[in-house]
Each structure stands twice: as C-alpha cells, then as structure tokens.
Amino acid sequence: MATSLLRVPPPQGLLRPLAVPERLLLGPGPSNVPPRILAAGGRQLLGHMHPEVLQVMDEIKAGIQYAFQTQNRLTLAISGTGHCAMEAALLNLLEHGDTVLVAVNGMWGQRAADIARRLGTLGTAGQHRPGDSHLPLCFMQGLVQHKPSVLFITHGESSTGVLQPLEGLGKLCHRHGCLLLVDAVASLGGAPIFMDQQEIDVLYSGSQKVLNAPPGSAPISFSKEAREKMLRRKTKPPSFYLDMGWLANYWGCDGEPRRYHHTAPINSFFSLREGLAMLAELGLESSWERHRANCAQLCKGLRDLGLELFVKEEKARLPTITAVRVPEGYDWKDIIAFLMDNHAIEITGGLGPSVGKVLRIGLMGCNSTSDNVDRVLRALRDALGCCRRSRL
C-alpha cells in the first residue's frame with residue numbers, strides 16, 4: 001500500500017558504483033591525500049565522547065601547538081573548513097559596534113570584510129594592489145585613524161600567491177590596543193610562522209593543504225589576550241555552533257569536565273591527527289625548506305617557459321601556491337582544461353581580484369616534490385604548444 005504512494009524513483013546515479021578519477025591536485029587546494037591519512041580516515045567510528053576520541057583530540061591540540069609554535073591553552077580544531085574558522089574567529093572576537101581593520105590584498109581579505117559587516121561591526125578595509133604585500137606604514141595609518149579592536153590579515157594569500165611578512169606586526173597592534181588575527185590556511189607548514197614570538201592573538205588554518213587531510217577541520221588558537229576579550233563580551237556570540245566557550249570545554253581547554261556540544265566529525269579528526277603527525281615527523285624546518293626549494297624550482301621552470309610570475313619580489317612569494325600571469329594569446333580556461341584532459345593534472349585560474357589574470361599552481365605537503373614540479377612543467381609546455389589562439 002505504502003509503495004503506491006512513492007512518486008520519486010531511486011536515482012539511477014546512486015544505483016551505480018561510485019567512480020572517482022585519479023588526478024594530481026596541483027591547484028590551491030585541496031591536496032592529494034596520502035595513503036596513511038586515507039587509512040586513518042577510513043577507520044571505524046567511535047563515539048564523540050569516547051575516551052579514545054578525546055585522546056585523539058588532545059593529540060591534535062598538541063600537534064596544532066607545534067605547527068603554530070604556540071603554548072596557548074585555547075587551541076583546538078573547528079568542525080568545518082578554513083572559512084568556518086575565519087567566521088568563528090571574527091564572531092567570537094567582535095561585538096556589534098566594534099571596529100575591525102581588514103587588510104585586503106586578495107580574496108580572503110574581501111571575505112573577512114564581508115563577514116565583519118554581517119556581524120554589524122564597523123569594518124574598515126585597507127586596500128592594496130593584488131600581488132603586493134602590505135607595508136608597515138599602511139597598518140600604522142589604519143591603527144591610528146580607526147582605532148580597531150582587531151586587525152585581520154592573510155599570511156598566505158592564495159588568490160594572488162602573496163606571502164605577507166608578519167614581523168613586528170603583533171607588537172605594533174598591541175601598542176595600539178588591537179588584537180592581531182591571522183589567516184594561515186594556505187601557508188601553515190609551508191612557510192615559517194611563530195604565533196607566540198610574532199605576538200599573533202588568533203591564528204587559524206585548514207586541514208586540506210599542507211597537512212594533506214580531507215577538508216572539514218580547521219586548526220585554530222587564541223592567545224591569553226584574545227581569551228580575555230571574549231570573556232569580556234556583553235553579549236553571547238551569535239552562533240551557538242561556533243561559540244568558543246562551548247568548544248573550549250569540549251576540547252578540554254578550560255579545565256572543566258568535558259561536555260557534549262556537537263557530534264564531531266570523528267573520521268576527519270583521525271585524518272587531521274595523522275596529517276599533524278606526518279608534519280611533526282618531518283619537522284617544521286624541513287617542511288619549510290622543502291616547500292621553498294620546490295617553489296624556487298617551479299618559478300625557474302616557469303620563467304624558462306617564457307611565463308611571467310605574478311608576484312615580483314621573491315621574498316613575497318607564497319611557497320605553497322605560485323601565481324603566473326596568463327600569457328598573451330591564450331585563454332586560461334583552455335590551459336586548465338588541457339592539463340586536466342591530457343595529463344590528469346589540476347591547476348586553477350585566478351580567484352577574486354586575480355580572476356582572468358593568472359594561473360595558480362599549488363605544491364603543498366606531500367604534493368610538494370621535485371618530480372611533481374617536473375611533471376607540471378612538462379604539461380604546461382605541452383599546453384602552450386597546443387592552446388595558443390589562432391590570430392584572425
């Protein structure tokens with residue numbers, strides 16, 4: 001009788017086996033997941049309050065503290081992507097009427113400014129030309145003029161391939177009574193960052209880039225000063241799911257017995273734990289050097305192909321993601337499609353202010369190898385020979 005009431009048949013696509021092609025992911029993320037991390041994510045589930053899972057969470061906290069170079073007690077992983085960590089940081093730090101200064105030199109500064117406006121804060125954006133890093137003078141002027149409570153900046157701007165220098169910025173912010181919030185989604189593990197030494201108040205990243213885990217968990221850490229600002233809030237954070245008070249308790253960061261907050265993505269935590277373990281085994285300094293060397297090899301090879309790097313200054317180039325200008329006479333979409341169709345390699349076009357201007361090549365974590373540099377350069381040489389538009 002009940003069967004006769006069905007009007008929607010089973011989808012034919014779901015009645016076929018899942019098919020996932022093998023591709024080398026050399027875009028700005030996600031990265032390919034190595035077998036060890038795939039195996040960790042494929043383990044049988046446990047309950048999110050089981051002591052074994054809480055132990056894994058404690059190991060993740062220790063791994064994040066190592067990767068961030070921090071001793072902050074309030075260190076954990078958000079159950080969400082880097083976007084989620086960005087939102088969690090902003091909505092926990094800011095209240096209606098607060099002023100936030102956002103350094104905009106690419107897509108992620110634009111996104112942070114958008115979130116800040118949605119929170120009802122008095123957001124001011126320090127615009128900068130895509131492909132350049134911000135200068136200390138820009139920050140000084142913004143801090144004096146706007147007197148923000150938080151300054152947001154992206155360390156590794158994946159949309160433009162810029163690595164933002166952070167030296168002295170935390171000290172400058174604190175001199176003006178401002179907290180420093182840094183996005184390190186694209187740079188963590190690939191470029192040096194020292195949360196405590198650089199006086200960063202909130203730092204976050206993502207699981208799917210240098211850590212080579214699937215997307216879905218986002219490391220984040222708060223300084224003592226950032227925790228104190230959150231404790232002084234007059235209103236509760238506008239999101240229960242991302243309320244750092246609840247999350248701090250679930251992650252064992254407040255010294256109180258752990259309480260249920262949400263059903264955590266347990267298998268994502270298993271994967272993140274292994275990604276952090278592999279980084280710890282390799283060592284941060286070795287990881288930084290590997291990314292630097294492979295980026296230098298890639299940049300030389302791109303120049304040898306006659307291509308122009310988008311970021312002029314070598315020290316301002318993000319070691320994990322290289323942006324190269326689309327050569328004259330080519331359509332960036334044709335090049336990307338050619339590499340995918342003929343070489344099973346993913347690279348991508350621009351994002352935000354770099355749309356239509358650049359191709360972006362990512363070498364992150366286990367994907368950052370000399371062999372992969374050679375492979376993508378060969379594919380690009382092939383594409384440049386086949387994709388040039390005919391002149392009318």
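Predicted model: local features only at pLDDT ≥ 70, side-chain atom pairs only at ≥ 80, totals over all residues.
**Entry 1: annotated positions**

UniProt positions are given in the numbering used here, feature names are shortened, and annotations may be inferred rather than shown by experiment. Arg360 is buried, with a relative accessible area of 5%; buried means under 20% relative accessible area, exposed over 50%, and partly exposed in between (1.4 Å probe, protein chains only).

I then turned to Lys209, where the unreviewed UniProt entry places "modified residue: N6-(pyridoxal phosphate)lysine". Lys209 lies in the loop between β9 (202-204) and β10 (218-222), and Lys209 is also buried, at a relative accessible area of 8%.

**Entry 2: the sheet that holds β14**

I followed β14 into its sheet, where 3 strands form an open arrangement in the order β11-β14-β13, with antiparallel pairing; two strands pair if DSSP finds at least two bridges between them. The edges are taken by β11 (321-325) and β13 (348-349), each of which has a single partner strand, so one side of each is left without a neighbour in the sheet.

Between β11 and β14 I found 5 bridges in the antiparallel sense. Thr322 has Ile361 of β14 as its bridge partner, and Arg325 stands opposite Val358 in β14. I also noted that β11 is mostly covered, with 4 of its 5 residues buried.

**Entry 3: a cavity**

Which residues line the largest cavity? They are Gly161, Leu309, Val311, Arg317, Leu318, Ile321, Thr322 and Ala323. A cavity here is a set of points, on a 1 Å grid over the protein atoms alone, where a 1.4 Å probe fits but cannot get out, and lining residues have an atom within 4 Å of a point.

The structure holds 1 cavity of 30 Å³ or more, and about 40 Å³ of space lies in the largest cavity; grid points are joined across faces, edges and corners, and a volume is the space filled by probe spheres set on the points. By class, the lining has 5 nonpolar, 2 polar and 1 charged residues, where Ala, Val, Leu, Ile, Met, Phe, Trp, Tyr, Cys and Pro count as nonpolar, Asp, Glu, Lys and Arg as charged, and the others, Gly among them, as polar.

**Entry 4: salt bridges**

How many salt bridges does the structure hold? I recorded 14, a salt bridge being a side-chain nitrogen of Lys or Arg within 4 Å of a carboxyl oxygen of Asp or Glu.

I looked at Asp98 and Lys229, which form a salt bridge with their closest N and O atoms 3.2 Å apart. Asp98 lies in the loop between α3 (82-93) and β3 (99-104) and Lys229 in helix α7 (residues 224-231), so the pair ties together parts that are 131 residues apart in sequence. Both partners are buried, Asp98 at a relative accessible area of 19% and Lys229 at 13%.

Within helix α7 itself, I found the side chains of Glu228 and Lys224 meeting in a salt bridge (2.7 Å, N to O); the two are 4 residues apart and are separated by about one helical turn. Glu228 is partly exposed at 32%, and Lys224 is partly exposed at 46%. I also noted a network, in which salt bridges that share partners join Arg36, Glu59, Arg273, Glu274 and Glu281.

Helix α4 (residues 107-118) holds both Asp114 and Arg118, 4 residues apart, about one turn of the helix, and their side chains meet in a salt bridge (2.9 Å, N to O). Asp114 counts as partly exposed at 27% relative accessibility, whereas Arg118 is exposed, with a relative accessible area of 67%.

Note on methods: Residues numbered from 1 in each chain as written. Heavy atoms only, no water. 1 Å grid on protein atoms, 1.4 Å probe; cavity = no way out; pocket = protein on both sides within 12 Å on 5 of 7 lines; lining within 4 Å.
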